[in-house]
Amino acid sequence: MNVAIVGASGAVGQEFLRVLEEQNFPVDQLTLFGSKRSAGRTYKFRGKDYVVKELTHGDDFKGIDIAFTSAGASVSKEYAGTITKHGALMIDNSSAFRMDEDVPLVVPEVNGEDAFNTPRGIIANPNCTTIQMVVALKPINDLSPIRRVHVATYQAASGAGAAAMDELVEQYAQLQRGEDPTIEKFAYQLAYNVIPQVDVFMDNGYTKEEMKMFNETKKIMHAPGLDVSAMCVRVPVMRAHSEAVWVETEQPLELDAVRDAFDKAEGLVVVDRPADKVYPMPLDIAGKDPVFVGRLRKDLTNGNGLTFWIVGDQIKKGAALNAVQIAQYIIAHKK
């Protein structure tokens, strides 16, 4: 297939290159695009050097089969027509089109079939926190429909990009030297701290990130009546997001049945031996493909409730890997 990556120099763009290679994705021709500042940079893929081209409103996407885009919502909105006009399928990692009715929002393990309904030639990749949560919700929902979800997230610096990861490292070094830390990518110092704000606040007191989880979960799971309430928190972790999740189902579920469903679920790995202090942690999960789940137990406040802990790599499954898996799903199930 002829593949393009838009935003090739960013953290997710670089992850696209690694994931395409790891997944042995069928790439016949690769084209990299970036901003005027990034144009001319060279990146290696499968032993060959590729030079980043400047993204323009030309015909560079003629002959492209799939374009993975991760250059921000404003770029995606501006260039969507340019990318898709010759028939390329745009798999977009930004928030630009996620809630558009005529754009599917896809996590292959949950709603892969939606990827075949693309009237605009665009598929949206969900928000990272939503992706890993719905992978864990799907096997529960198959046992008994979920009524409501409460979730608290513990989000790594990687969620704010490569510069944010660099800033966290630099903050620790600056504090060690007795200097004032640089604060540019976060609202406050992240080193030795947690910040109960991810993205901007909305009029209802929730942040944009929290409302993404509210809206996107309903769309992906085809459950407009599903209630979701989120508290999103930035923590001083380099990579991989964690989430504490509380779920209420229509019928009470036995833990053994839920654990068995988790074991059989695609893209989910159970790491749950609390007696041995074995549970998922971001330090162990960074760089890995699946979502990891542990600390499964009954909710003591709700007879129909469950609670559990999940960890997933934000840049892999939360971004580049999910987008590539969408393309793989389409190839494998092409009608």
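This is a predicted model: local features need pLDDT of at least 70, side-chain atom pairs count only at pLDDT 80 or more; totals for chains, interfaces and linings use all residues.
**Entry 1: E216 and its surroundings**

Leaving aside neighbours within four places in sequence, I found E216 in contact with R98, M99, L105, P126, N127 and T130. I then located E216 in helix α6, which covers residues 208–220. Is E216 buried or exposed? The relative accessible area of E216 is 3%. The cut-off for buried is under 20%, so I recorded E216 as buried.

**Entry 2: Helices α4 and α9**

I next examined helix α4 (residues 128–143) together with α9. Their axes come within 8 Å and cross at roughly 85°. Angles of 65 to 115 degrees count as roughly perpendicular, and I therefore noted α4 and α9 as roughly perpendicular to each other. Which residues make the contact? On the α4 side I listed C128, I131 and V135, and on the α9 side K317, G318 and N322. By class, the residues of this contact divide into 3 nonpolar, 2 polar and 1 charged.

**Entry 3: The second largest pocket**

I turned to the second largest pocket and noted a volume of about 190 Å³. Which residues line this pocket? I listed M1, D65, I66, L89, A115, F116, T118, A327, I330, I331 and K334. Helix α9, spanning residues 316–332, provides the largest share of the lining, with 3 residues.

Technical notes: Residues are numbered from 1 along each chain as its sequence is written. Side-chain values use heavy atoms; hydrogens and water are left out. On a 1 Å grid over the protein atoms alone, a cavity is a set of points where a 1.4 Å probe fits but cannot get out, and a pocket is an open set with protein on both sides within 12 Å along at least five of seven lines; lining residues have an atom within 4 Å of a point. Grid points are joined across faces, edges and corners, and a volume is the space filled by probe spheres set on the points. Helices (H or I, at least four residues) and strands (E, at least two) are DSSP runs, numbered from the N terminus. Axes are lines fitted to C-alpha atoms, for helices over the stretch in contact, and angles run from 0 to 180 degrees between N-to-C directions. Angles under 35 degrees count as roughly parallel, over 145 as roughly antiparallel, 65 to 115 as roughly perpendicular and the rest as oblique. Contact means heavy atoms within 4.5 Å. Ala, Val, Leu, Ile, Met, Phe, Trp, Tyr, Cys and Pro count as nonpolar, Asp, Glu, Lys and Arg as charged, and the others, Gly among them, as polar. Buried means under 20% relative accessible area, exposed over 50%, partly exposed in between (1.4 Å probe, protein chains only).
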